[in-house]
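Keep the sequence and the 3D view side by side. We will walk through charged pairs, then a helix.

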Amino acid sequence: MRWLFENPLANMPGPAFLGLFGALLAGAVVILRVMAARIEEGDDSRPLPIPHEIDPYQIAFLRGGDTEVIRTALVDLVEQGRIIRVEKTGFGKILANSQIQWEVADPTDTGADLSPIQRTLLQTFAIPKNLDTVFQPDIRSKVHEHTKPFRDWVEKENLEVDPERRSQMTKLFFVCMVGIGGLGIYKLASAFMNQRTNVVFLIGMMLFGMIIISACAKHRKLTQRGQKFLRELQIALGSIQSLRFAQQNPAHTLSGIGNASIPLMAMGVFGGSALQGSDYDPIYQSYRKSAVTGSGCSSFSYSSCGSSSDTDSGSGCGSGSGCGGCGGGSGCGGGRPHVGSRNTRHGGA
């Protein structure tokens, strides 16, 4: 045991050890970034063309999984007038400003003409509730049963990082953390055993190393193919990225959109942030509250180390998990796709 703290590594001078520590940390960072780029590359790099008919539910799932499908379905139900905001008066109106509640417009509405996803959410609002109620585990599990076609599409088109590769990244992250952290702790222990107290720089480098490793182990949920597809789609539909702008400037709204709903398409393609300041701002505010409390998973932006961040926030070091997508192109560049009609956009049927 004594040899453990009297070997050359334990007695290495501070500057030399910090140099070694820094070199190992740099190597870990390079390995993590190369690994992250490799798993994002996926098995198919061919660009996925924008479809002739766009399903906003499908794109919402690509951006943020079941969570965004739920949010998109709620916008659809509110737009159809099937779910309405509960009007309050007096003291109840003051409370409503902090807790906006919603309920079905017609208590006898069974939702027979709706998709299973929409019908599940409609039944949830038989009595007034906050929108974040739909993110409870039992409701999410019911919705999850009906999003299998979306999961199959994402897997078939190689749009999302393979779970097995994501698991490999997580293991590599922990190896790097244990290796760098363990080396630093060992040197601290040996310094104290040898009655050395000038360890401030070592502690600082350890903390910096943990932070940089955590940051660089993160990766996007989508493959490069999925990122490019979503980015091009968002660029093509950039004029509805702000629903408020689209409502105030109808001349700038996409032409050829047919019977499709602009609010639904904006929500599906861009997420809840597109609703801000529009007629659907109460929904946006409710989504923000659910994101802050954590009941609605993540909010409207996804981030990853070494790249830009846009749509749904990633969580978990090295796993890239979360409910997110990528991209966030604005403007009206790119082609203008024809959007599917209202009777083809209920998703999950």
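A residue counts as buried under 20% relative accessible area, as exposed over 50%, and as partly exposed in between. Keep those cut-offs in mind. One caution comes with them: this is a predicted model.

Start with the salt bridges. The structure holds 7 of them. In one, D109 pairs with R82, and their closest N and O atoms are 2.6 Å apart. This pair links distant parts of the chain. D109 sits in the loop between β2 (101–104) and α4 (116–124). R82 sits in the loop between α2 (56–79) and β1 (83–85). The two residues are 27 residues apart.

How exposed are the partners? D109 has 22% relative accessibility, so D109 counts as partly exposed. R82 has 13%, so R82 counts as buried.

R82 also forms a salt bridge with D113. Here the closest N and O atoms are 2.8 Å apart. R82 is in the loop between α2 and β1, while D113 is in the loop between β2 and α4, so this pair ties together parts that are 31 residues apart in sequence. D113 counts as exposed because its relative accessibility is 55%.

Now move along the chain. Which residue pairs with E157 in a salt bridge? The partner is R225, with the closest N and O atoms 3.3 Å apart. E157 lies in the loop between α6 (148–156) and α7, and R225 lies in helix α9 (residues 224–236), so the pair ties together parts 68 residues apart in sequence. Both E157 and R225 are buried.

One more charged group deserves a look. R63, E68 and R71 are linked in a network of salt bridges.

Which residues of α8 are buried? They are L202, M206, G209, I213, S214 and C216. An α-helix has 3.6 residues a turn, so residues three or four places apart point the same way. Trace the buried residues of α8 in the view. They pack against two other helices, α1 (14–41) and α7 (163–193).

Technical notes:
Residues numbered from 1 in each chain as written. Predicted model: local features only at pLDDT ≥ 70, side-chain atom pairs only at ≥ 80, totals over all residues. Heavy atoms only, no water. Buried < 20%, exposed > 50% of the residue type's maximum accessible area, 1.4 Å probe, protein only. Helix = DSSP H or I, 4+ residues; strand = E, 2+ residues; numbered from the N terminus. Contact = heavy atoms within 4.5 Å. Salt bridge = Lys/Arg side-chain N within 4 Å of Asp/Glu carboxyl O.
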